[in-house]
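Subject: The structure, plus notes on it

Hi,

Here is the structure I said I would pass on.

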Amino acid sequence: MNLKAAGTLRAVLFIFASVCAWYSGYLLAELIPDAPLSSAIYSIRSIGERPILKAPPPKRQKCDHRAPCPPNTYAYRLLSGRGTDSYAKICFEDQLLIGEKVGNVGRGINIAIVDYVTGKAIAARYFDMYEGDNSGPMTQFIQGAPAKSLLFMVTHDDGSTQLQEDAKETIEALGSKEIRNLRFRSSWVFLTVKGFELPAGLQREKINHSDDAKDSDSGWPAEVQIEGCVPKEPTDRRLSLGAHGDPTLYAGILVSLKLAKKHLPAPLAVS
């Protein structure tokens, strides 16, 4: 091959390569969408990134407990009031028995009574201990709680000024260790029962007094709260006492079953 033919071949190959390069660039430009260069670079970078997995929000527990109560237990939470705007609360099985939302919380000692067997609320009231003669009615209210009752008590504002000796004796007899230590505007919560015993180790009472050196609001102590899980009455115990705590009811059922069995025909003999 002479030099002239070799030069012609190189020229043809160069032209062909240039055309291919131009056409490839044209196709690439057509495939890329009209978007800012920064967006294109971000899209390319995001291809290699792993998706961010978000944990589901934690499940809310009864009475806003931090952890769920075990099966066959009642959840409770008691919160004293603080100041004039932070109201006391009594929550039982996720039901607000006393609080601002239900409109039955007030200055003094707030009390809720619950049937231990059924878990149903019986009564809820507050007794003003700053003004008026309400210590006596509160004592009667507590003493009138039926057997097998749970009693929850919390203070809002002042619970001590008009608290009389008969009320202190009544609450002390129910197991309170702090009722005689109440001062002006002390924060106090108390769980007690009538007709049975609570298991040992269950948080039952808490108190806090005003301290100007520590309180963020002068004259108002920080609120106190307790929460826990009260074991329900065993099912076999409920059956043995009948629907209304009457042992004769269960005994009557046994007698009826025995009489029915006595009058049943004898089983047929199998040959």
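Below is what turned up when I went through the model.

First, the housekeeping. This is a predicted model, so treat everything as computed: local features need pLDDT of at least 70, side-chain atom pairs count only at pLDDT 80 or more, and totals for chains, interfaces and linings use all residues. Residues are numbered from 1 along each chain as its sequence is written, and side-chain values use heavy atoms, with hydrogens and water left out.

**The overall picture**

The protein has six helices and nine strands. These are DSSP runs numbered from the N terminus, with helices being H or I of at least four residues and strands E of at least two. Of its 271 residues, 32% count as buried; buried means under 20% relative accessible area, exposed over 50%, and partly exposed in between, with a 1.4 Å probe and protein chains only. Looking at contacts (heavy atoms within 4.5 Å) with a separation of 6 or more, 59% are between residues 24 or more positions apart.

**Around Ser176**

Ser176 sits in the loop between helix 4 (165–173) and strand 7 (187–194). Its relative accessible area is 5%, so Ser176 is buried. What does the side chain of Ser176 make a polar contact with? Its partner is the side chain of Glu205, at 2.6 Å. A polar contact here is a pair of N or O atoms within 3.5 Å; within protein, one must be able to donate a hydrogen and the other to accept it, and residues adjacent in sequence count only if both atoms are side-chain atoms. A polar atom of the Ser176 side chain also lies 3.3 Å from the backbone nitrogen of Glu178. Leaving out residues up to four places away in sequence, Ser176 touches Ile171, Trp188, Phe190 and Glu205.

**Aromatic pairs**

There are eight aromatic pairs. The rule is that rings of Phe, Tyr and Trp (its six-membered ring) pair if their centres lie within 6.5 Å; planes under 30 degrees apart count as stacked, over 60 as edge-to-face and the rest as tilted. Tyr116 and Phe196 are a stacked pair because their ring centres are 4.1 Å apart and their planes are at 20°. This pair links distant parts of the chain, 80 residues apart: Tyr116 is in the loop between strand 4 (108–115) and strand 5 (121–127), and Phe196 is in the loop between strand 7 and strand 8 (205–208). Both Tyr116 and Phe196 are buried.

Two of the residues that Ser176 touches, Trp188 and Phe190, also pair up: with ring centres 5.8 Å apart and planes at 20°, they are stacked. Trp188 and Phe190 are both buried. Ring pairs also tie Tyr74, Tyr76, Phe92, Tyr116, Phe152 and Phe196 into a cluster.

**Pocket and cavity**

The largest pocket holds about 240 Å³ of space. On a 1 Å grid over the protein atoms alone, a pocket is an open set of points with protein on both sides within 12 Å along at least five of seven lines, while a cavity is a set where a 1.4 Å probe fits but cannot get out; lining residues have an atom within 4 Å of a point. Points are joined across faces, edges and corners, and a volume is the space filled by probe spheres set on them.

Which residues line the largest pocket? They are Arg60, Cys63, Asp64, Arg77, Tyr87, Ala88, Lys89, Cys91, Gln95, Leu96, Glu100 and Lys101. By class, the lining has five nonpolar, one polar and six charged residues. Here Ala, Val, Leu, Ile, Met, Phe, Trp, Tyr, Cys and Pro count as nonpolar, Asp, Glu, Lys and Arg as charged, and the others, Gly among them, as polar.

There is one cavity of 30 Å³ or more. The largest cavity holds about 30 Å³, and its lining includes Thr155, Asp157 and Trp220.

**Two positive phi values**

Most residues other than glycine have a negative phi. Glu93, in the loop between strand 2 and strand 3, has a phi near 55°. Asp157, in the loop between strand 6 (149–156) and helix 4, has a positive phi of about 65°. Glu93 is partly exposed at 24% relative accessibility, whereas Asp157 is buried at 15%.

Cheers
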